[in-house]
Amino acid sequence: MDTRFTDEESTFRAEVRAFLQQAWTAELAARIDDDDSYPVAIVEWQRRLYERGWVAPGWPRQHGGCEWSPTQRYLYDLERSAIGAPDVLPFGIKMVGPVILKYGNDAQRARFLPRILRGEDWWCQGYSEPDAGSDLAALKTRAERAGDHYVVNGSKIWTTYAQHADWMFCLVRTDNAARRQDGISFLLIDMKTAGIRISPIHSIDGVHSLNEVFFDDVRVPVANLIGEQDRGWTYAKSLLAHERTAIAGVGDSKRRLRRLRQLAQRETSGGRPLLDDPFVQARLVDIEIELMALETMELRALFEASKGKGPGPESSLLKIKGSEVQQAIQTLMMDLAGLYGAVLPGGLDAQAIGHDFGDEARRAFMYGRAATIYGGSNEVQKNITAKAVLGL
Ligand SMILES: Cc1cc2nc3c(=O)[nH]c(=O)nc-3n(C[C@H](O)[C@H](O)[C@H](O)COP(=O)(O)OP(=O)(O)OC[C@H]3O[C@@H](n4cnc5c(N)ncnc54)[C@H](O)[C@@H]3O)c2cc1C
């Protein structure tokens, strides 16, 4: 494997850097950081990328994508995360978009893809149910055919940003077949349809991004079925492999680790920088080594992808390692914040009385617990790896 970049790739990288420096402004960064302004600001960021023609790196040019090579995508991601700019919302561009491209029909491609690119529709993912998470094929939300509609009944849970979504891509049971995976279909549901109720779930970091979604006789046109009825499992799985590769987050972890080093250099204990403490040093170096190994694993996956191989079981390895590194960074940041990372009694301002990163450390740590759960829990990814990679 040759990990050196070609001259063209280096030129491309410089072009990306120049664009991001002018497109990613401090004003937009502040609005994206604020929970209230986030929904509008993230779409605005996506619109800036769209106007530059860079919103869908992996899509074919014919459909408005960049058709970048895996290495170009990697370089773009490194540059984006180095300045702290967020990735686009994954649900449209990275999840349902590729499924519509591959398994949808011409009418669906013409209707949905341009709107996804322009950020006009906000999508959410309706996979998990109260009794179907890791064991996704146990899902029970039913869709019964009634003329040119399906009638959907049941519920979904942990639906990220359902409260903002215009559309949901949803797995529904259309047949109680002998093999559970054979009776599942992939439906696109307009979230404004009568009979849909959204109930918020507030997570431990105090943020409302998660929801429960209930369907009560929701009528969905048959024209919104992707591919064939009862074949949805195949489409659902192809989407999950892309989701897991995207979760590795090497670039973002590199930036967070750089920040951690700066904080450890700045903050003192007993008059000396925390960075002088051999225990802090050892933990930082441990994480750095893990991150270097993760990056090499990702480069190897890119090398395979550049030869035309799609994401396979290695996406599970990237998900496991990527999320573990993210959590190790968050845990160390919490430890550096010490008491100032605790939830303070009402009225006390962490920034005023202690480290200015106490709040940031706590929120990242709390939400970060989810990284080893979403996108398929790490235990389940280990099972997949045992079977598909180690042949156990
Ligand atoms: C922040 C967040 C956002 C999410 N967003 C979405 C979303 O937008 N859309 C969506 O559809 N879903 C979403 N999810 C749901 C997520 O995909 C599920 O939580 C995940 O698949 C695990 O399912 P579960 O919660 O039902 O846990 P369970 O499947 O009940 O698992 C409970 C525990 O048992 C372990 N376990 C289960 N089976 C095995 C096994 N065979 N071997 C070993 N251990 C096992 C698990 O690892 C876990 O520790 C989100 C979850 C989180 C936390």
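User: With which residues is Leu 187 in contact, once its neighbours within four places in sequence are left aside?

Analyst: Leaving aside neighbours within four places in sequence, Leu 187 is in contact with Ala 143, Tyr 150, Val 152, Met 168, Phe 169, Cys 170, Val 172, Val 220, Asn 224 and Leu 225. Please bear in mind that this is a predicted model. Leu 187 itself lies in strand 5, residues 184-190. The C-alpha atoms of Leu 187 and Gly 232 are 8.4 Å apart in space, although 45 residues separate the two in sequence.

User: Is Leu 187 to be read as buried or exposed?

Analyst: The general idea is a cut-off: a residue under 20% relative accessible area counts as buried. Leu 187 has a relative accessibility of 1% and therefore counts as buried.

User: Where is Leu 28 placed, and what is in contact with Leu 28 beyond its neighbours within four places in sequence?

Analyst: Leu 28 belongs to helix 2. Its relative accessible area is 0%, so this residue is buried. With neighbours within four places in sequence set aside, the contacts of Leu 28 are Ala 41, Glu 44, Trp 45 and Arg 48. Between the C-alpha atoms of Leu 28 and Ile 42, which are 14 residues apart along the chain, the separation is 8.7 Å.

User: Is Arg 80 buried or exposed, and which residues does Arg 80 touch?

Analyst: Arg 80, placed in helix 4, counts as buried at 2% relative accessibility. Not counting residues up to four places away in sequence, Arg 80 touches Leu 20, Ala 85, Pro 86, Asp 87 and Asp 252.

User: How is a pair of aromatic rings to be read, and how many such pairs does the structure hold?

Analyst: Such a pair is described by the distance between the ring centres and the angle between the planes. There are 17 aromatic pairs in the structure. In the pair of Trp 24 and Trp 45, the ring centres are 5.1 Å apart and the planes stand at 65°, so the pair is edge-to-face. Trp 24 is in the loop between helix 1 (7-23) and helix 2 (26-33), while Trp 45 is in helix 3 (residues 38-52), so the pair ties together parts that are 21 residues apart in sequence. Trp 24 counts as buried at 13% relative accessibility, and Trp 45 counts as buried at 0%.

Another edge-to-face pair is formed by Trp 54 and Trp 68, with 5.5 Å from centre to centre and 65° between the planes. Both of these residues lie in the loop between helix 3 and helix 4 (70-82), 14 residues apart. Trp 54 and Trp 68 are both buried.

User: Which residues do ring pairs link into a cluster?

Analyst: The cluster linked by ring pairs consists of Phe 112, Trp 123, Tyr 127, Trp 167, Phe 169 and Phe 186.

User: Which charged residues lie over rings?

Analyst: Arg 52 and Arg 369 are two cases. The charged end of Arg 52 is placed over the ring of Trp 54, at 4.1 Å from the ring centre. Arg 369 lies over the face of Phe 365, 3.9 Å from the centre of that ring.

User: What can be learned from the buried residues of helix 12?

Analyst: An α-helix has 3.6 residues a turn, so residues three or four places apart point the same way. In helix 12 (residues 358-368), the buried residues are Gly 358, Ala 361, Arg 362 and Gly 368. Viewed down the axis of helix 12, these buried residues fall within an arc of 145°, so they line one face of the helix. Helix 10 (314-337) is included in what covers them.

User: Which values of phi have Trp 158 and Asp 230, and where are these residues placed?

Analyst: Most residues other than glycine have a negative phi. Trp 158 has a positive phi, near 65°, although the residue is not a glycine. Trp 158 is placed in the loop between strand 3 (149-157) and strand 4 (167-173), and at 49% relative accessibility counts as partly exposed. Asp 230 likewise is not a glycine and has a positive phi of about 75°. Its place is the loop between strand 8 (225-226) and helix 7 (232-246). With a relative accessible area of 21%, Asp 230 is partly exposed.

Notes. Residues are numbered from 1 along each chain as its sequence is written. This is a predicted model: local features need pLDDT of at least 70, side-chain atom pairs count only at pLDDT 80 or more; totals for chains, interfaces and linings use all residues. Side-chain values use heavy atoms; hydrogens and water are left out. Buried means under 20% relative accessible area, exposed over 50%, partly exposed in between (1.4 Å probe, protein chains only). The arc is that of the directions from the helix axis to the C-beta atoms. Contact means heavy atoms within 4.5 Å. Rings of Phe, Tyr and Trp (its six-membered ring) pair if their centres lie within 6.5 Å; planes under 30 degrees apart count as stacked, over 60 as edge-to-face and the rest as tilted. A charge sits over a ring if NZ of Lys or CZ of Arg is within 6 Å of the ring centre and within 35 degrees of the ring normal.
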